[in-house]
Amino acid sequence: MTPSSLISNFHFLPSWDLLILVVFAAAAFLYGLSLGRGRLVMLLLATYFSFIVVEFAPWNIISPYLGLKNGLPSPTFEIFCFLALLLFFFFLMPGSILTIKKRGRAIWLQILILAILQIGLLASIILSFLPAKVLPDLHILVKKFFLGPVPSFVWKTIPLLALVLLRRKRAEMD
């Protein structure tokens, strides 16, 4: 058997799920590298702040001032408010994108983990704002990993645990 016949007989066609997973991991890694560990942490915190504000806003009281019907915001309006507040809180934090910051040394694995958790948390929160009539049309994997009480709880707690477990040692911060 010649090397060319061996190569021609080797058929490697990954499934779409595997390909999407690899592309997602590469995108998350590049996303994390472009922001850096410090900004990823700030973005995670801004995500939690904006989610709390949108989730627990007294919509029935502020809806007349916003021109909302039925006292409740539409899913599109909730997503818009969430993303607007996320950007607002992120830019408000010291050391955000508005300031030029010296790049520190962070472990690539930490950056990848934080980036994946950030993207998963954002996806979980945005999908939680969608109306129930849209949910059956979503892919089964999206429903399994992002929707429902257990995935929602996991995506909202694991990033917090990661922030605690992946924090820098006191000597590294000085």
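pLDDT is the predictor's confidence in each residue, on a scale from 0 to 100. Keep that in mind for these legends, since this is a predicted model.

Figure 1. Of the elements in the chain, helix H8 (residues 149–165) has the highest mean pLDDT, at 93, while helix H9 (residues 170–173) has the lowest, at 46. Residues 170–174 sit below 50, and this stretch makes 1 contact in the model beyond near neighbours in sequence. For the chain as a whole, the average pLDDT is 79, and 76% of the residues score at least 70.

Figure 2. Count up the elements and you get 9 helices and 0 strands. Read from the N terminus, the order is therefore α-α-α-α-α-α-α-α-α. The chain has 174 residues, and 32% of them are buried. Take the contacts between residues at least 6 apart in sequence: 76% of these join residues at least 24 apart.

**Figure 3. Helix H3 against helix H5.** Two packed helices are described by the angle between their axes and the distance between those axes. Here the axes of helix H3 (residues 37–55) and helix H5 (residues 75–92) come within 8 Å and cross at roughly 140°. That angle makes H3 oblique to H5. The crossing of H3 past H5 is right-handed. On the H3 side, the residues that meet H5 include Arg39, Met42, Leu43, Ala46, Phe49 and Val53. Their partners in H5 include Glu78, Cys81, Leu85 and Phe90.

**Figure 4. Ser50, a serine in the H3–H5 contact.** Ser50 belongs to helix H3 and is one of the H3 residues that meet H5. Is Ser50 buried or exposed? Its relative accessibility is 0%, so Ser50 counts as buried. Setting aside neighbours within four places in sequence, Ser50 touches Phe82, Leu85, Leu86 and Phe89.

**Figure 5. An aromatic cluster of Phe49, Phe88 and Phe89.** Ring pairs tie Phe49, Phe88 and Phe89 together into a cluster. The count for aromatic pairs comes to 7. In the pair formed by Phe88 and Phe89, the ring centres are 5.7 Å apart and the planes are at 55°, so this pair is tilted. Edge-to-face would have needed an angle over 60 degrees. The two residues fall into separate accessibility classes: Phe88 has a relative accessible area of 47% and is partly exposed, whereas Phe89 has 18% and is buried. The cut-off for buried is under 20%.

**Figure 6. Helix H5 against helix H6.** Next up is the other partner of H5 shown here, helix H6 (residues 108–128): the axes of H5 and H6 come within 9 Å and cross at roughly 145°. H5 passes H6 in a right-handed crossing. From H5, the contact uses Ile79, Phe82, Leu83 and Leu86, and from H6 it uses Leu122, Ile125 and Ile126.

**Figure 7. Ser124, a serine in helix H6.** Ser124 sits in helix H6. With a relative accessible area of 1%, Ser124 is buried. Which residues does Ser124 contact, leaving aside neighbours within four places in sequence? They are Phe146, Ser152, Trp155 and Lys156.

Figure 8. Leu45 is part of helix H3 and, at 32% relative accessibility, counts as partly exposed. Along the chain, Leu45 and Leu163 are 118 residues apart, yet their C-alpha atoms are separated by 9.5 Å. Beyond neighbours within four places in sequence, Leu45 is in contact with Met93 and Leu163.

Figure 9. Phe77 lies in helix H5 and is partly exposed, its relative accessible area being 24%. Apart from neighbours within four places in sequence, Phe77 is in contact with Trp59, Leu66 and Leu68.

Note on methods: Residues numbered from 1 in each chain as written. Predicted model: local features only at pLDDT ≥ 70, side-chain atom pairs only at ≥ 80, totals over all residues. Heavy atoms only, no water. Helix = DSSP H or I, 4+ residues; strand = E, 2+ residues; numbered from the N terminus. Contact = heavy atoms within 4.5 Å. Phe/Tyr/Trp six-rings, centres within 6.5 Å; stacked < 30°, edge-to-face > 60°. Buried < 20%, exposed > 50% of the residue type's maximum accessible area, 1.4 Å probe, protein only. Axes fitted to C-alpha atoms, helices over the stretch in contact; angles between N-to-C directions. Parallel < 35°, antiparallel > 145°, perpendicular 65-115°, else oblique. Left-handed = near helix turned anticlockwise from the far one by under 90°.
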